[in-house]
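Trainee: I would like a close look at one part of this model, please. Could you walk me through it step by step?

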Protein chains: 4
Amino acid sequence: MDNYILKIDCEDAKGLIYKISDVLYKSDLNIVKNDEFVDIEHSRFFFRAIVNGGVEKNVLIEKLQESMPEDAKIELTQKRRKKIIIMATKESHCLGDLLLKEYSDDLNAQIVGVVSNYDYLKELVNKFDIPFDFVSHEGLSREKHEKKVMEVMESYEFDYIVLAKYMRILSSNFVKHYEGKMVNIHHSFLPAFIGANPYKQAYNRGVKTIGATAHFVTNDLDEGPIIAQDVINVTHEFSWRDMQKAGRNVEKVVLSNALDLVFEDRVFVSANKTVIF
Amino acid sequence: MDNYILKIDCEDAKGLIYKISDVLYKSDLNIVKNDEFVDIEHSRFFFRAIVNGGVEKNVLIEKLQESMPEDAKIELTQKRRKKIIIMATKESHCLGDLLLKEYSDDLNAQIVGVVSNYDYLKELVNKFDIPFDFVSHEGLSREKHEKKVMEVMESYEFDYIVLAKYMRILSSNFVKHYEGKMVNIHHSFLPAFIGANPYKQAYNRGVKTIGATAHFVTNDLDEGPIIAQDVINVTHEFSWRDMQKAGRNVEKVVLSNALDLVFEDRVFVSANKTVIF
Amino acid sequence: MDNYILKIDCEDAKGLIYKISDVLYKSDLNIVKNDEFVDIEHSRFFFRAIVNGGVEKNVLIEKLQESMPEDAKIELTQKRRKKIIIMATKESHCLGDLLLKEYSDDLNAQIVGVVSNYDYLKELVNKFDIPFDFVSHEGLSREKHEKKVMEVMESYEFDYIVLAKYMRILSSNFVKHYEGKMVNIHHSFLPAFIGANPYKQAYNRGVKTIGATAHFVTNDLDEGPIIAQDVINVTHEFSWRDMQKAGRNVEKVVLSNALDLVFEDRVFVSANKTVIF
Amino acid sequence: MDNYILKIDCEDAKGLIYKISDVLYKSDLNIVKNDEFVDIEHSRFFFRAIVNGGVEKNVLIEKLQESMPEDAKIELTQKRRKKIIIMATKESHCLGDLLLKEYSDDLNAQIVGVVSNYDYLKELVNKFDIPFDFVSHEGLSREKHEKKVMEVMESYEFDYIVLAKYMRILSSNFVKHYEGKMVNIHHSFLPAFIGANPYKQAYNRGVKTIGATAHFVTNDLDEGPIIAQDVINVTHEFSWRDMQKAGRNVEKVVLSNALDLVFEDRVFVSANKTVIF
């Protein structure tokens, strides 16, 4: 029998857990695991369950819809490997880590393609028999370049886009088009060091801690909902190049941890924040 | 209307969440927050909810008992500050931290008394107007000493005993008598460095990481269910005294974090492990 | 024989270590420990040694001055407990931690007095038999208030001022007067969340990591040279009050760690950064 | 002009830094960076410097030898990329991380070959055009197998052997032969969980923290001098498989950090501990 993931996000109200579990129980489904959170500030209810049993998807969703508040967003997904496109530029550490993880069955996703505005990473990607699309931005306006990128991407079927050190700013059109589908790794513990060259900024500020942040991409650069963060300690002996080198380990681990959460449908986005079960 | 904490621990079965939420809903209680975990290895179900509403305690427990598996342990506690006795020996950092936290309303508990086998800490405890009982072990067998300690303790009403660097081994009788009620802080990241002088052991082993572990006390010395752990980095420059000094900060923070969890009834003990919501 | 700490900070040049060790050796002093760092970007040399032996301070400094670059700042201090004044407002966790540490001989300093713009903390400070000066800011201009604070402070002899959650902005005159002598604890991992109520800012941003920063105070608010930082993880379940509570443990530990470094003369300040040996 | 790394390890004595810097200065060498440590317990002196200038290696070593205590071990190495052989079994995460790092010039070493007792990893290694030697242990005694492994290894020139999850116990002969040359990654924060399947041990013990340890290999299994350690937090929700998965990220980062230190000649081994500059 299959496992399904049920996610519900709605206005808070009395008895929601009872109502959900009532529907599930009477549909002969067993809750393997459930998590629940109420955002008191915004009076919102978040619920996620792994349920087990035979499901008639539409029937079940309809029944839930009837017993939930009107604004309820209900998702019922069969547990399955997600499909992803990776966008990258020149740096290989995050991309390579994901390639390796998929290769050794340690990534809960299938990389359907890699798109880059340079061809630096082609050789690496090809080693793993994954399509590499080089879409140069040379001589193109941002709009034209993104149009070509989108054309390439739309030739694939995918669930998420992973920006694995993609170093170009994306237009608001592009971002809007893939809202909630794009995860980025930023090389600082946001909101510190927004913008260009965070390691140089960190070096100049003389911090004793550097870090990385994985977040969903929204139109405010480096301001999207944060999924995961981590830091490491540095000392006065670190040049900004040393910070960059040390930071690569944090970046790839934080990105990988964030993607694990996203790919298991454990992340809700609400009011520019994430709720993670 | 009052908040209650409901904890249920029983054999796993189908529909438990439905059954619990059914009882609560029909008793006109609202679930403010709930957490649930199934230990698949031992087929055990753990559930904790903060519920809100008017409760007739016995009636509610009876109703829950009817719909749960026979072995269900059901606890329904009103949210309240716990009462604790602290046992200590000579070191003041954990004890002092708890005294300060209570003084500034940052400890979710009331310290009803401090018991020690030395009188070193009397002055400090008295500063905070808390009873200090000096029960010397000099010239007494372990049994006799513990009998006197128990007599003193039983003159107080308390929920938990906190061993804040109490440096004497407790007899199995004593431990049994207070099973599930005693939290200890051990100055290593268990199971590394069980036994005496963990910092010397850590120094001799040349570790790059030292830590502390808060755990419930059981008859196996330093083997009880772990509640919280944390570590810090050390280098070859640390003597064991330096490790001890640095470790004091970790010890007091780990103990304090563990107690926060225990005092909010967030900890289950099962099969020598903790489930923490 | 006494231990001395020698600190030298000068333009970088060839042979500096040779020249220093030459002077020390010929003065019959033994280097117990030495650290050295060259800031290549600014071509500056930093040196610290613990030396052992009989010292004629002025003679030694003169000899060193002769062999060092002209701009050399040479400090030779006998190892001794520093004297500090603590400034605080209403929160007791950092202040209390320092009081406890001094009480148990775990602070490498003597607290000569506590100055506050409220009288909330008087009772706590008096428990430890330390003078408490209440200098209300009510009805006073910043200048007048600071003048009174300074008068009180100048009645003591002290090496450093510790701002243990002193919640008033200091004028540039005040800051200038005590430049290099004032250590502050800020309740965020700077440069994130500069300014008022960092925990609310952190909550609103939805970060997964909060922290604290100890730094020397300069005229740019929250922009002074960083001495120590640390972070802890938080989740969507944390309200900003929860973050504040959890943050208190980090704040006090970070401040205490920073002060350990400062009190042992291990910190150089240069170009708004610290070099720490 | 070239950079050299000078490492000295000898009995402690007065004036050693003066004597070393005297020799260097008079040989017209500049100290770019130096670190020094005295292990007071064993009265041993450790010194490392990066020196800059034209060096006649033998002459310099001789001069140093003359002015140092008799037992002084003096190493003078030109800064260069080390050559390494990796031994692995079936798991690819540490090996793959090193392959990727070398591929992107982020590893301060050249991987000259990979030796394994299985052929699982051949395909991965070949992607990076690095020789893979499959030396099956099937049907061979430990001695015979190791003899074959050594024959293969001796066909390469190398500085270090990296055990990147090599899952066979090595005989004391083998270990002795490569003493000080072999770095292992152990999947626990040693000395916790020595021996087989540390994640299962950690799961069974119910720890809240798991980790990894990189160490030099000595004849006492998992008892060699520790180079680097790190930990991550786990909860009751982690099965031992989950711990294993989460642990892979720690293992590869800890191994990589340890190797950075070793390959830059920053590690001394003494009395089963490391001194790391």
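Trainee: How much area do chain C and chain B bury between them, and what percentage of it is on carbon and sulfur atoms?

Mentor: Happy to. This is a predicted model, where local features need pLDDT of at least 70 and side-chain atom pairs count only at pLDDT 80 or more, while totals for chains, interfaces and linings use all residues. Residues are numbered from 1 along each chain as its sequence is written, chains are lettered from A and ligands numbered from 1 in the order in which they are written, and side-chain values use heavy atoms, with hydrogens and water left out.

Now your interface. The size of an interface is often given as the accessible area lost when the parts come together. Chain C and chain B bury about 2,000 Å² between them, and 43% of that is on carbon and sulfur atoms. In chain C, the residues that lose the most area to chain B are C:Leu100, C:Tyr103 and C:Lys127, together 26% of what that side buries. Buried area here is the accessible area (1.4 Å probe) that two parts lose on being put together, summed over both.

Contacts come next, meaning heavy atoms within 4.5 Å. By that rule, 23 residues of chain C touch 23 residues of chain B. The two chains also share 10 salt bridges, each a side-chain nitrogen of Lys or Arg within 4 Å of a carboxyl oxygen of Asp or Glu. In one salt bridge, the side chains of C:Lys245 and B:Asp260 meet at 3.7 Å, N to O.

Which elements of chain C supply these residues? α3 (93-103), α4 (122-127) and α8 (240-263) of chain C each give at least two residues to the side that touches chain B. The largest share, eight residues, comes from α8(C). Sorted by kind, the residues of that side are five nonpolar, six polar and 12 charged. For this sorting, Ala, Val, Leu, Ile, Met, Phe, Trp, Tyr, Cys and Pro count as nonpolar, Asp, Glu, Lys and Arg as charged, and the others, Gly among them, as polar. The helices (H or I, at least four residues) and strands (E, at least two) are DSSP runs, numbered from the N terminus.

B:Asp97 and B:Lys101 form one, with their closest N and O atoms 3.2 Å apart. Both sit in helix α3 (residues 93-103) of chain B, four residues apart, about one turn of the helix. B:Asp97 counts as buried, at 2% relative accessibility, and B:Lys101 counts as buried at 7%. Buried means under 20% relative accessible area, exposed over 50%, and partly exposed in between (1.4 Å probe, protein chains only).

In chain A, the side chains of A:Lys83 and A:Glu157 meet in a salt bridge of 3.9 Å, N to O. A:Lys83 lies in strand β5 (residues 82-88) of chain A and A:Glu157 in the loop between α5 and β8 (160-163) of chain A, so the pair ties together parts that are 74 residues apart in sequence. A:Lys83 counts as partly exposed at 28% relative accessibility, whereas A:Glu157 counts as exposed at 62%. Over all chains, the count comes to 83 salt bridges.
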